[in-house]
Amino acid sequence: MELPNHVKRVLAALEAAGHEAWCVGGCVRDVLSGRKPEDWDIAASALPEETLAVFGSQALPTGLKHGTVTVKTEGGPVEVTTYRIDGAYQDHRRPESVTFTRSIDQDLARRDFTVNAMAWNPRGGLRDPWGGRADLEKKALRCVGDPDQRFQEDALRILRGLRFAAALGFSLEPGTAEALQGNREGLRDIAAERIQAEFFKLLPGKRAAEVLRGYPEVFGVFWPELLPMVGFGQRNRHHCYDVWEHTLHALAAVPGDPVLRCTVLLHDVGKPASFTLDEAGVGHFYGHPAVSRALADKMLRRLKCASGFRETVVRLVEWHDKDIPRTDRAIRRALRALGEEDLRRLILVKRADNLGQAPAYWGRQEELDKAEALLERLLAEDACVSLKRLAVKGGDLLALGLSGPAVGQALEELLGKVMDGALPNEREALLEDLQKTRAAEGKEEGT
Ligand code: ATP
Ligand code: MG
């Protein structure tokens, strides 16, 4: 196994000071499966203060309570954590106290899954007391020890397990799968921020749709709003799937980005509550985007998502069902309302939504191709779609005697006219129009 030089140097420095040190966890798993690790974690027999002494000013005491010291290296920060045994678990959460140990095997035994419980260093090679390598080859996810007990100790492992399945393509070993389902209520005791972190690593995964399909009740513990979608028949010809299956097909058809995946997961969450059946026996979901939007907002707040992320998702949810006419004017207006980045996202969401419908309706993709081509053309022409590009600025209006909020208002009005194609984006024309409007308003006021 080839380690980067900066990692080798940290291991060597610890060994030179008489300690043991191993690469552990995700990095060993990733390297053995041919992936590039996100970060390199080291477990060491050295106590935190001993690690601090080895690295001097290079070391930062970032998590002393849990035995973690961060070593700054030319290749980036490396976390060195003292071998430990976790203390007693309470309320299905990570323990408050930890006990340090001098045994790497005890440290490996506290880890969640066998594929995450391997250690490697250049001197000792692979240390794998739990058969992680064999499981890795089978792509099997198995708890270290008794799965019931492990999920009871720390319910976050339930979501971590599903995250590894979705993102890395592991299959849950049957005993692990059963215990994961059976202990899902423990997630109620887990802090929203920790759930959020795992869930948004799960959602972009290649197999996220399969994992959502397999374990809706687990996600229903923190997002019960998802559950009415499962099996909810749509009763109209656009759809060959129930709401949940439609959602999962659409989710699989959108790129693995958290905003896009989350938007698609929630775009129809308001459908069950909006359902009506007409005399002909056809189902309708009038107003469902607004209902979805309100639910999505509540759900994302519950997970304490960043406000920027939440606002983007709920706006796209609200827009997902709007038709984007294939005209310059409509595209300009959408650009104005959403901005370039979100309009591009909206097109991807609409494509996915359509691909989750009955194949007879997949022809919509061509309409979206056209909308996209129009968008590209407008952007390439450097079309005026924001105040930044408007040919007059606030200063021009001040010079004409406008002041206060009237300036912003006048600029917005001019931009609206330019975007509608009523005026060219030229200074002279804009100022002339403004003066005309003001004169007309003045007359009205005078009468
Ligand atoms: P990633 O590639 O996303 O970093 P990872 O497996 O490295 O995945 P981390 O959260 O960085 O995940 O955790 C590092 C290691 O710590 C894991 O591989 C595992 O051995 C151990 N670990 C992390 N969280 C838990 C937990 N809740 N219970 C038991 N062991 C855990
Ligand atoms: Mg990691």
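Predicted model: local features only at pLDDT ≥ 70, side-chain atom pairs only at ≥ 80, totals over all residues.
Is Lys139 buried, partly exposed or exposed? Lys139 counts as partly exposed, because its relative accessible area is 36%, and that falls between the cut-offs of 20% and 50%. Hi everyone.

You'll find Lys139 in the loop between helix H5, residues 132-138, and strand E10, residues 140-141. Now look at its backbone: phi of Lys139 is near 55°, a positive value, and this residue isn't a glycine. Arg235 has a positive phi too, about 55°, and again we're not talking about a glycine. Arg235 belongs to the loop between helix H11, which covers 216-222, and helix H12, which covers 243-252.

While we're in that loop, have a look at His239, which also lies between H11 and H12. Is His239 buried or exposed? His239 is buried, because its relative accessible area is 14% and the cut-off for buried is under 20%. Its side chain has a partner, too: there's a polar contact of 3.5 Å with the side chain of Lys271.

Okay, on to the ligand. Where does ligand 1 sit? Ligand 1 sits in the largest pocket. Two helices, H2 (26-32) and H7 (156-168), are the elements that give two or more residues to the shell around ligand 1. Of those, H7 gives the most, with four residues.

So who is in that shell? There are 15 residues around ligand 1, and the ones that come nearest are Arg29, Asn116, Asp154, Arg157 and Arg163.

Let's zoom in on some individual atoms. In the side chain of Arg29, an N or O atom is 2.8 Å from an oxygen atom of ligand 1. Over at Asp154, a polar side-chain atom lies 2.9 Å from a nitrogen atom of the ligand. And with Gly26 we're looking at the backbone instead: one of its N or O atoms there is 3.2 Å from an oxygen atom of ligand 1. How much of ligand 1 does the protein bury? Taken alone, the ligand exposes 590 Å², and the protein buries 81% of that.

Next, a helix residue. Glu153 is part of helix H6, residues 147-153. Glu153 counts as buried because its relative accessible area is 14%. Its side chain is joined to the side chain of Arg150 by a polar contact of 2.9 Å.

Start with Asp91, in the loop between strand E6 (84-86) and strand E7 (98-100). Asp91 has 47% relative accessibility, so we call this residue partly exposed. How far apart are the C-alpha atoms of Asp91 and Arg188? They are separated by 9.4 Å, while along the chain the two residues are 97 apart.

Then there's Lys36, in the loop between H2 and strand E2, which runs over 41-44. Lys36 has a relative accessibility of 75%, so Lys36 counts as exposed; the cut-off there is over 50%. Pair Lys36 with Glu341 and you have 305 residues of sequence separation, with 29 Å between the C-alpha atoms.

My last stop is Gly131, in the loop between strand E9 (125-127) and H5. Gly131 is partly exposed, because its relative accessibility is 29%. Gly131 and Phe55 are 76 residues apart in sequence, and their C-alpha atoms are 33 Å apart.

Terms used. Residues numbered from 1 in each chain as written. Chains lettered and ligands numbered in written order. Heavy atoms only, no water. Near = heavy atom within 4 Å. Polar contact = N/O pair within 3.5 Å; in protein donor to acceptor, adjacent residues only side chain to side chain. Areas by Shrake-Rupley, 256 points an atom, 1.4 Å probe, with all protein chains shown as cover. 1 Å grid on protein atoms, 1.4 Å probe; cavity = no way out; pocket = protein on both sides within 12 Å on 5 of 7 lines; lining within 4 Å. Sits in = over half its atoms within 2 Å of the grid points. Buried < 20%, exposed > 50% of the residue type's maximum accessible area, 1.4 Å probe, protein only.
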